[in-house]
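Please have the sequence and the 3D view open as you read.

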Amino acid sequence: MAAFHDLEQVIKASIRQNGPMDVGSYMSLCLSHPEYGYYMKKDPFGKSGDFVTAPEVSQLFGEMLGAWCADIWMQMGAPERFMFLECGPGRGTLMADMMRSTRMAKGFHAAAELHLLEISPALKAKQKETLADYKVEWHAGLDTVPDDAPMIVIGNEFFDALPFRSFQKQSDGQWAERVVALEGGGEQAGLCFGLCPLGVEMEGYIPFHLKGAQAGSIFEAAPVRQNVMRQIAERIKSQNGAALFLDYGHAQSGLGDSFQALKGHKYVDVLKFCGDADLTSHVDFEGLVQGLDRLVDVRGAVEQGAFLCALGIEVRMQMLAQKISEQEAFALQKGLQRLIASDQMGALFKVVYMGALDGHRKIEPCGF
Ligand code: SAH
């Protein structure tokens, strides 16, 4: 096999050999190619990184989610052991903040067995540092997470990083799949979007009420995300417990192209900088939990701002403000606003809950 110098070469060679690839395959290669994938190479967070997430904006975020988890654990009857699983834990900041804020919940730390679902070696190394005080187990997939105790699952900006597929309505009334193809021939050919006939297996992913959309409309479906969510729902049903996922996206399935690439805090062309930009799309929460209400109690998606306020984030802020300098309080207030204001992260970000329907006790999750 020819040696490649970068991911773009790998992708182009694959297209030359196998034909255009669907957007999901392109995204998977860009994010998780073993050698050149975005998450395989570096720590993408913080000021010098490509984007900033809620736990990195403010400690209040993790503290509130910690309190939420402690409440769920108590409602579950304070089981002696439970899997505390975080999906896509980034730098480990959220888990560290949740653990700090649950120190006061008697018995919670002794019961919590920390499990992290992570594919990035760079971030795993960072998580090891951040969570050095705790015993942690890492997993590349859900299959290896133990199933002999209840679980509490958390994920922030996890699903947006999993691949999705994109479809476009044609002027002849048919839907086609958007694919990544080569523009022209020759060595210099660049990447471009193209269209391929829709596979029968994908037909069912376009919701009935959107099928009649205007020509040119785009719909995004994410079977990979749905499968992961279903697996978690099945675990919650059989092991007892609850899950909370926060992400940017829409509560109801809708039309639109939300494929985006972020590099150095700027939006860039999704077909450029292969493996060097973060690729995501908005999460369709309705699609994500479709059919799961038969397995678990599904709530939401609700807006992140409303959710955090229902948990008392503003009261927590005021309590902290009394103990710190005016300057620190100002910074904390700014972070809080970023999390809850509707023109910042408060409305675009949504929160969805899944909980056991037939656990020993009925869980009433705070914030829904
Ligand atoms: N929750 C963190 C990080 C969000 S970024 C925060 O809020 O700051 C997405 C995270 O998911 C990263 O840790 C990334 O390495 C991880 N990730 C991406 N794809 C994954 C996959 N297929 N399986 C497990 N983790 C994945």
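With which side chain does the side chain of Asp284 make a polar contact? The partner is the side chain of Ser253, at 2.9 Å; a polar contact is a pair of N or O atoms within 3.5 Å, where, within protein, one must be able to donate a hydrogen and the other to accept it, and residues adjacent in sequence count only if both atoms are side-chain atoms.

This is a predicted model, in which local features need pLDDT of at least 70 and side-chain atom pairs count only at pLDDT 80 or more, while totals for chains, interfaces and linings use all residues. Residues are numbered from 1 along each chain as its sequence is written, and side-chain values use heavy atoms, with hydrogens and water left out.

- Asp284 sits in strand 14, residues 283-284 (strands are DSSP runs of E, at least two residues, numbered from the N terminus).
- Asp284 is buried but has no salt bridge (buried means under 20% relative accessible area, exposed over 50%, partly exposed in between, with a 1.4 Å probe and protein chains only).
- The nearest side chain of opposite charge is Arg225, 8.2 Å away (Lys and Arg count as positive, Asp and Glu as negative; His and the chain ends are not counted).
- A polar atom of the Asp284 side chain also lies 3.2 Å from the backbone nitrogen of Glu286.
- Beyond neighbours within four places in sequence, Asp284 is in contact with Phe219, His250, Gln252 and Ser253 (contact means heavy atoms within 4.5 Å).

**Salt bridges across the chain**

- The structure holds 15 salt bridges (a side-chain nitrogen of Lys or Arg within 4 Å of a carboxyl oxygen of Asp or Glu).
- Asp257 and Arg178 form one, with their closest N and O atoms 3.7 Å apart. This pair links distant parts of the chain, 79 residues apart: Asp257 is in the loop between strands 10 and 11, and Arg178 is in strand 7.
- Asp257 counts as partly exposed because its relative accessibility is 46%, whereas Arg178, at 9%, counts as buried.

- Lys362 and Asp297 meet in a salt bridge at 3.3 Å, N to O. Lys362 lies in the segment after strand 16 and Asp297 in strand 15, 65 residues apart.
- Lys362 is exposed at 52% relative accessibility, while Asp297 is buried at 11%.
- Glu364 pairs with Arg299 in a salt bridge, the closest N and O atoms being 2.9 Å apart.

**A network**

- Salt bridges link Glu63, Asp97, Arg100 and Arg316 in a network.

Technical notes
Helix = DSSP H or I, 4+ residues; strand = E, 2+ residues; numbered from the N terminus.
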